[in-house]
Amino acid sequence: MKTCNGIGKRFVLAMIAGCAISTASLAQDAIDREDHVLSDGKLDDKDLAAVVAVAQRHLREMTDQVVNQAGDELEEAGIFRPMAFMVMKSDKVQQMRLEEEAEQAPGNVKVLMYRAGLKAIARRGEIHAAVIAYPGSVEKNGETIRAMALEHEHRLGVSGIKLIPVRLEDGEASFGEPMSQDKPFQIFYDAKEERGE
């Protein structure tokens with residue numbers, strides 16, 4: 001099975017913009033620690049690069065897990081089910097599991113359950129990042145292309161969706177170059193509209 005190429009490279013630009021948003025919330029955690037990188041409430045270029053590297057690593061690790069699992073399911077059954085992964089406070093990537101009864105729900109309902117579950121976990125401060133992946137399609141040059149939709153969020157201020165073309169030829173799954181776009185926060189933070197801004 002082939003994995004996505006270039007996903008990690010495209011995260012950097014989105015993360016640089018997004019990380020600046022979160023410095024105030026990170027600084028609140030650092031107030032009691034004089035030797036902490038954010039003790040003055042500011043990030044210099046070196047600090048920002050370190051923050052971006054952490055977020056990029058988390059998102060890459062989760063994306064790799066999703067691509068591998070979706071590829072295995074595609075090769076076994078020709079389809080893949082919605083799935084969700086999260087980066088725990090321990091930095092370990094863990095798959096989110098639904099109750100047995102919920103596993104029988106339609107795919108769009110599962111996605112809603114994953115969003116609600118991840119939001120509850122994130123708001124308690126138990127995870128650093130989350131990814132939800134589900135089957136979809138994208139129109140390109142008048143052709144409908146099978147794709148994996150991958151919603152990702154990181155507590156450091158990154159939120160987006162990637163549409164990754166999917167191919168299954170001769171029983172082997174492959175994934176194309178992702179198409180990225182921004183999306184409002186749903187898991188770690190409330191979107192501006194919900195906050196009344």
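User: Is arginine 57 buried, partly exposed or exposed?

Analyst: This is a predicted model. Burial is read from relative accessible area: under 20% is buried and over 50% is exposed, with partly exposed in between. Arginine 57 has 27% relative accessibility, so it counts as partly exposed.

User: With which residue does arginine 57 form a salt bridge?

Analyst: A salt bridge needs a side-chain nitrogen of Lys or Arg within 4 Å of a carboxyl oxygen of Asp or Glu. For arginine 57 the partner is aspartate 91, with the closest N and O atoms 3.1 Å apart. Arginine 57 sits in helix α3 and aspartate 91 in the loop between β1 and β2, 34 residues apart, so the pair links distant parts of the chain. Aspartate 91 is partly exposed as well, at 31%.

User: How is glutamate 73 classed, buried or exposed?

Analyst: Glutamate 73 is buried, at 12% relative accessibility. Its salt-bridge partner is arginine 81, the closest N and O atoms being 2.8 Å apart; arginine 81 is partly exposed, at 43%.

User: Which residues touch the most other members of the largest nonpolar core?

Analyst: A core is a set of buried residues of nonpolar type joined through side-chain atoms. The largest one here has 21 residues, and Met62, Val66, Met83, Met148 and Phe175 touch the most other members. Helix α3 gives the most to this core, with 6 residues. Beyond its sequence neighbours within four places, methionine 148 contacts residues including Val66, Ala70, Phe80, Leu163 and Phe175. Another core, of 19 residues, lies apart and includes Ala84 and Ile127.

How values were computed
Residues are numbered from 1 along each chain as its sequence is written. This is a predicted model: local features need pLDDT of at least 70, side-chain atom pairs count only at pLDDT 80 or more; totals for chains, interfaces and linings use all residues. Side-chain values use heavy atoms; hydrogens and water are left out. A nonpolar core is a set of buried Ala, Val, Leu, Ile, Met, Phe, Trp, Tyr and Cys residues joined through side-chain atoms within 4.5 Å. Buried means under 20% relative accessible area, exposed over 50%, partly exposed in between (1.4 Å probe, protein chains only). Helices (H or I, at least four residues) and strands (E, at least two) are DSSP runs, numbered from the N terminus. Contact means heavy atoms within 4.5 Å.
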